[in-house]
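The entries follow in the order in which I made them.

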Amino acid sequence: MTNSIRLGIATCLLGEQVRWDGGHKRDEFLVGTVAPHVEWVPVCPEEESGMGVPRPPVRLEQDPHGATRMVDPKSGKDHTAAMTRFSKQRVRALADEELDGYVLKKDSPSCGMERVRLHAEKGMPVRKGVGLFAAELLARFPHLPIEEEGRLNDPGLRENFFERVFAYRRLRQLFIGRWKSGDVVRFHTAEKMLLLAHDPQGYRALGRLVAAVKTVPRADFQTQYSSAFMTVMRKLATPRKHVNVLQHMQGHFSDQLDAAARAELSSLIEDFGHGLVPLIAPVTLFRHYVRRFDVPYLADQSYLEPHPKELMLRNHA
Ligand code: SF4
């Protein structure tokens, strides 16, 4: 496995001039903030499938049988078969790329993940289409973290996406080679707080799976655990769930804190719960106490550092 995080990406988001009009859609957050921490695997389905740059723009149309077609509305040329063939091949090849996630391009008839304009014979287009390449990608990699650049402007969705990307990498590392049941228990223990912040019920269901690890065939266990783990991670962490996790962690060293320090930590957690300070504030204080009081159980928790701090994903209130 490579050391760096590998993200598939719609090529135009990197500033490459591959769009139908010869332009690009460079995304400053991805190119400026994220790029130093990842290796990109760019794919432009329209350019790579031979449609050329520049090229006539295409759109999604619904045929009379309800099927989605990719059509050049000016000439009427139907690109569906060629794009579907290309997408199947390219997505199959991506299986060897060891991807940890994928960033798609919103609204694109090739790369849009959801709400792409779908034109019918009559009336206004409805926003319920999925780009042809994106549809293949989503079907082939159901647990791979996949997002659109537009949705990454939302701080909560952005944080969730990158938490999933880094968690997916740790999960893949766990199951590389001949893993033992002890490795699974250690992994699950270290992910506890992070999982609780996303979905406490899902965490408990995962725990039941882990308890039965020795009774389930290895391949089945790996599939079931990976699927359930990524499903839990997809649930959005909320301030209330974070507060529960922080209070739970506080219990691990509250005996070692004097009354003033306990009150300060409690008030910081409360301020976070009320949206007055970002999550990074109480988490930084926790990291300090975990180091100072040497609490190995908490030091191992991915929750305290689930992604590089330079991404500043926990800095929004
Ligand atoms: S949206 Fe997809 S197909 Fe369109 S230019 Fe970008 S990468 Fe290429």
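The entries below treat the domains and then a pair of helices.

Entry 1, domains. I noted at the outset that the model is predicted. I looked up the domain assignment and found domain 1 at residues 5-153 and domain 2 at residues 168-317. I then took the centres of domain 1 and domain 2 over C-alpha atoms, and they are 34 Å apart. For the contact I listed 13 residues from domain 1 and 9 residues from domain 2.

Entry 2, buried area. I asked how much area is buried between domain 1 and domain 2. The value is about 950 Å², and carbon and sulfur atoms give 60% of that area. On the domain 1 side, I recorded His37, Asp100 and His143 as the residues that lose the most area to domain 2. Together these three account for 53% of what the domain 1 side buries.

I turned to helix α10, residues 239-250, and helix α12, residues 280-293. Their axes come within 12 Å and cross at roughly 20 degrees. I recorded the crossing of α10 and α12 as left-handed.

Which residues of α10 and α12 make the contact? From α10 I listed Leu246, Met249 and Gln250, and from α12 Pro282, Val283 and Phe286.

Key
Residues are numbered from 1 along each chain as its sequence is written. This is a predicted model: local features need pLDDT of at least 70, side-chain atom pairs count only at pLDDT 80 or more; totals for chains, interfaces and linings use all residues. Side-chain values use heavy atoms; hydrogens and water are left out. Axes are lines fitted to C-alpha atoms, for helices over the stretch in contact, and angles run from 0 to 180 degrees between N-to-C directions. Helices (H or I, at least four residues) and strands (E, at least two) are DSSP runs, numbered from the N terminus. A crossing is left-handed if the near helix is turned anticlockwise from the far one by less than a right angle, and right-handed if clockwise. Contact means heavy atoms within 4.5 Å. Domain bounds come from an automatic or database domain assignment. Buried area is the accessible area (1.4 Å probe) that two parts lose on being put together, summed over both.
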